[in-house]
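This report describes how the parts of one protein model are arranged. Please look at the structure first; the text then takes up its helices, a few residues and its aromatic rings.

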Amino acid sequence: MTTKMMTTITTTRKTILTTSKSRGAAGGASRSSARSARRRAREFALQGVYAWLLRGTDSLQEAGDIDAHIRDSEDFSDADAEWYKTLLHGVMRDAPSLRESFMPHVDRPLAELSPVEHGILLIGSYELLNHIEVPYKVVINEAVELAKSFGGTDGFKFVNGVLDKLAADLRPIEVQAANRR
């Protein structure tokens with residue numbers, strides 16, 4: 001295979017992995033152009049957390065390598081770089097305590113979670129715990145959208161259920177106020 005062919009294949013794979021699953025009926029633009037900078041940051045953070053989880057270590061030594069690799073992505077400039085950094089490094093740093101917070105609401109052992117669902121739960125838990133300025137409904141919705149885009153067929157339902165229960169634990173006043181409306 002020539003270098004040009006390999007570059008084309010790599011670019012095609014990157015495009016498939018970073019664009020939406022569906023396009024408009026007339027073959028219109030992908031949803032990626034309509035995604036907010038924060039959503040793109042969450043997507044890139046999920047990719048970084050996923051890579052970190054696959055390496056099978058809770059070591060923070062690899063964070064710099066993973067971060068640098070993600071930032072080299074072609075469309076990283078579309079993301080909120082500061083939010084990405086906050087999520088990626090916060091999740092890696094706080095992963096053990098984040099797991100402790102969501103595991104009571106999970107119906108299976110941690111080892112049986114897919115790395116995508118695990119990563120989404122870590123990011124959602126981190127936002128619920130540490131970023132009260134982001135409404136809990138937004139955190140859950142963004143996590144569900146990540147699960148729909150990157151997770152298994154019904155993974156979004158699982159993520160929604162776990163984070164909804166966690167939000168009731170972590171932000172009871174906010175959840176009760178929303179339920180009264």
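Helices α5 and α6 pack at an angle of about 165 degrees, and their axes are 10 Å apart. Axes here are lines fitted to C-alpha atoms, for helices over the stretch in contact, and angles between N-to-C directions run from 0 to 180 degrees. The two helices α5 and α6 are therefore roughly antiparallel to each other. Angles under 35 degrees count as roughly parallel, over 145 as roughly antiparallel, 65 to 115 as roughly perpendicular, and the rest as oblique. The crossing of α5 and α6 is right-handed; a crossing is right-handed if the near helix is turned clockwise from the far one by less than a right angle, and left-handed if anticlockwise.

The model is predicted, so local features need pLDDT of at least 70 and side-chain atom pairs count only at pLDDT 80 or more, while totals for chains, interfaces and linings use all residues. Residues are numbered from 1 along each chain as its sequence is written, and side-chain values use heavy atoms, with hydrogens and water left out.

Overall, the protein has eight helices and zero strands. Helices (H or I, at least four residues) and strands (E, at least two) are DSSP runs, numbered from the N terminus. Of the 181 residues in the protein, 42% are buried. Buried means under 20% relative accessible area, exposed over 50%, and partly exposed in between, with a 1.4 Å probe and protein chains only.

Helix α5 covers residues 115–130, and its 16 residues should span 22 Å at 1.5 Å a residue; the end C-alpha atoms are 22 Å apart, which agrees. The expected span is 1.5 Å times one less than the number of residues. Most of α5 is covered, with 13 of its 16 residues buried.

A second pairing involves α6 (residues 136–150) and α2 (residues 37–54), which pack at an angle of about 60 degrees with axes 11 Å apart. That makes α2 oblique to α6. In passing α6, α2 makes a right-handed crossing.

A143 is in helix α6, and V49 is in helix α2. A79 lies in the loop between α3 (63–71) and α4 (81–102). A143 counts as buried because its relative accessibility is 4%; A79 counts as buried at 11%, and V49 at 0%. The table gives a C-alpha separation for each.

| Residue pair | Separation along the chain | C-alpha distance |
|---|---|---|
| A143 and G119 | 24 residues | 9.8 Å |
| A79 and R35 | 44 residues | 9.2 Å |
| V49 and I123 | 74 residues | 8.4 Å |

Aromatic rings come next. A search of the whole structure finds two aromatic pairs. One of them joins F76 and Y84, edge-to-face, at 5.0 Å centre to centre with 80 degrees between the planes. Rings of Phe, Tyr and Trp (its six-membered ring) pair if their centres lie within 6.5 Å; planes under 30 degrees apart count as stacked, over 60 as edge-to-face and the rest as tilted. F76 and Y84 are both buried, and together with F44 they form one aromatic cluster.

Two charged side chains also lie over rings. The charged end of R108 sits over the ring of F158, 4.2 Å from its centre. K148 lies over the face of F156, 5.2 Å from the ring centre. The criterion is that NZ of Lys or CZ of Arg is within 6 Å of the ring centre and within 35 degrees of the ring normal.
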